[in-house]
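Subject: Structure for you to look at

Hello,

I am passing on the structure we spoke about. Please open it alongside the notes below.

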Amino acid sequence: MKFNIENVQALVSSAYLVHVREAFGEVGEQCILEVLNVVKLIYQTCPPERLKATLTVVRGIASTPLSPVIEVFGSLSSAQSAQEVGALLLDVKDQHHIFIEAVSDGSFRLLMLAVDVDLKSLANLSVVYRFERNTEQILAKEYQGYMPKVSSCLVSNLAIPTQSSLEDAFKIYAKEMALESQCRILKDVWEGGVDGPRLVLKNKPESLMRDSLAHALRLLTRDTTVRPEQNTDETKPVDIRVEWFGSGASALIEIKWLGKAVAISRSDVPSATYTEYSLSRAQDGAKQLADYMDREVRHSNKSAPRGYLVVFDARRKGLKGAQDRLSKSDAQHFETVDLDFSPDYSAHREDFAPAIRMFMRPRESHFLA
Amino acid sequence: MNGSDFSPEAYCDAVSILIDAPASLLPMSIIELHLFSYLGSILSLFQGRPLGDLGYSYVVTTEGFPFSVQLEDARALLVSSGLILIDDQGYMQPRFPEIEAEYQELLTLRSLSERRALFNAATQCALALPIGSIRHAVSQSPGMASAIDLGHRSDLFNPDDVSLLYDEYKIVRSVLSQDSKDILAPAVIWLSARIMRGEGDLNEV
């Protein structure tokens with residue numbers, strides 16, 4: 001995006017902070033900040049994935065602890081901290097609509113309803129946050145808008161798990177983003193689109209994989225800089241460099257993909273040709289990374305980086321081309337087949353982590369019956 | 001700590017950032033403190049305050065983090081005096097009410113209260129945007145981006161970069177209503193534009 005008036009205008013139209021301030025003035029801004037803080041604290045105890053129905057958090061503009069705005073909807077209970085609220089939400093078994101009001105003495109009022117209420121009437125007197133089916137809305141008087149997501153594959157901007165270890169961040173990325181290609185960058189790697197069969201990758205998908213993983217690591221890791229690097233040749237294979245503040249620690253990430261990708265643009269030739277990579281490609285990546293790390297150590301006074309080979313696994317058994325239809329067993333054959341490296345650098349090098357395989361699932365609706 | 005480099009402004013800003021940080025942002029890491037401080041300093045420029053009023057300086061480290069030696073000295077002093085507690089993972093938790101009393105004492109000595117709103121807004125940005133996105137947005141801003149690309153440690157806020165920052169803020173201000181008191185919303189929009197710039201998707205910042 002260019003930093004110009006048109007693009008900034010587009011941002012302003014969806015900027016709920018601006019709209020809440022317009023609706024309720026400076027008091028409204030304080031209320032929305034309080035709501036955001038409370039929601040973040042609640043999600044630190046009860047992640048949004050654990051919610052069974054809707055969660056609504058409100059801050060009344062002029063309410064008092066003795067007259068919370070949600071009391072008109074039913075009998076309230078109280079909690080003294082957001083952590084206590086989160087713990088209570090973890091125990092909710094039924095699909096109730098949950099309403100939380102933060103009141104001015106720092107405590108909370110809670111209400112659970114079997115039937116939803118009209119949020120717009122609530123928004124006349126308060127700033128309202130609503131979580132419902134992985135979307136988040138903010139309401140304030142006439143304003144009602146969705147919170148723009150930083151990452152489409154994360155449930156909430158307010159509940160991003162930051163990891164101190166890269167390994168934990170990889171696990172989240174593999175499960176939440178790579179497995180179903182849900183990251184908005186990664187979804188473009190498939191021939192036929194993410195809603196197609198997801199059998200064949202587009203030509204040269206590695207840069208999209210790199211950008212997707214780098215974007216995720218920026219969100220998921222704490223106190224790091226994450227830099228995608230341009231591969232100039234096989235002697236400099238590193239795709240992403242991660243550095244931690246203060247400790248001098250760093251990580252080099254090399255990305256490889258396995259499976260079948262379109263080799264040449266389809267418009268150039270009458271029939272598609274494909275590039276196919278199997279385990280040997282991952283093995284080559286491991287060797288390139290090990291060689292590069294040897295050189296990096298020799299030429300640098302910094303502490304040795306740790307090397308990670310990340311393998312996007314899009315292998316499909318018996319696949320001939322993008323128009324094929326596979327049985328479920330063939331399409332998912334490699335989902336649980338680990339990569340067997342020989343040599344396995346991680347077994348005898350402390351600076352080389354075990355390879356991280358990220359399987360990319362095909363679309364089940366395209367399987368042969 | 002080198003006593004001759006002690007910056008009262010940096011000390012005051014470190015205290016106010018930790019006092020005002022929303023509870024969901026605590027405990028805070030060292031680099032988050034420097035990030036919020038640097039962002040608060042950018043917001044100070046946006047509010048038309050002279051760069052010289054800041055009272056201390058920043059560099060971008062070779063790893064790509066905004067960092068102030070004077071702020072770090074102030075932080076170390078706060079730790080050694082027990083006003084900041086360090087947990088097992090090295091994260092900071094302000095010690096209340098002692099640190100609040102320290103801030104009130106500072107206010108009687110210097111006219112630093114106007115700065116508080118700027119650094120408060122800097123931490124509040126992390127309620128609206130994930131801190132990883134803020135870190136990325138700041139790393140792409142004038143002065144930071146070029147130094148990070150080269151992997152060089154270099155001074156921040158050189159005149160050309162400050163001029164570019166002003167230009168960007170003018171664009172943000174021009175599309176907002178004339179609510180000149182509002183610091184937070186323009187800051188979040190400025191950061192969001194930088195985040196979107198990396199992702200190319202208007203609907204998801």
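Predicted model: local features only at pLDDT ≥ 70, side-chain atom pairs only at ≥ 80, totals over all residues.

Interface

Chain B puts 53 residues into the contact and chain A puts in 46 residues. Together they bury about 4,400 Å² between them, and carbon and sulfur atoms give 62% of that area. There are two salt bridges across the interface. One of the two joins the side chains of B:Glu32 and A:Arg222, with an N to O distance of 2.7 Å. Polar contacts link 14 residue pairs between the chains, counting pairs with both residues at pLDDT 80 or more.

On the chain B side, the helices that each supply at least two residues are α2 (30–46), α5 (113–128), α6 (131–139), α8 (159–174) and α9 (184–199). The largest share is that of α9(B), with 11 residues. Sorted by class, this side of chain B has 28 nonpolar, 13 polar and 12 charged residues.

Strand β5 of chain A

β5(A) spans residues 126–132, and six of its seven residues are buried. The strand pairs with β1(A), residues 55–60, in the antiparallel sense over six bridges; within this pairing, A:Val127 is the bridge partner of A:Arg59. β5(A) also runs antiparallel to β6(A), residues 135–140, again with six bridges. There, A:Phe131 has A:Glu136 as its bridge partner. β5(A) and β6(A) make a hairpin with two residues between them, and A:Arg133 in the turn has a positive phi of about 45 degrees.

Regards

Key: Residues numbered from 1 in each chain as written. Chains lettered and ligands numbered in written order. Heavy atoms only, no water. Contact = heavy atoms within 4.5 Å. Buried area = accessible area lost by both parts, 1.4 Å probe. Salt bridge = Lys/Arg side-chain N within 4 Å of Asp/Glu carboxyl O. Polar contact = N/O pair within 3.5 Å; in protein donor to acceptor, adjacent residues only side chain to side chain. Helix = DSSP H or I, 4+ residues; strand = E, 2+ residues; numbered from the N terminus. Nonpolar A, V, L, I, M, F, W, Y, C, P; charged D, E, K, R; others polar. Buried < 20%, exposed > 50% of the residue type's maximum accessible area, 1.4 Å probe, protein only. Pairing = 2+ DSSP bridges.
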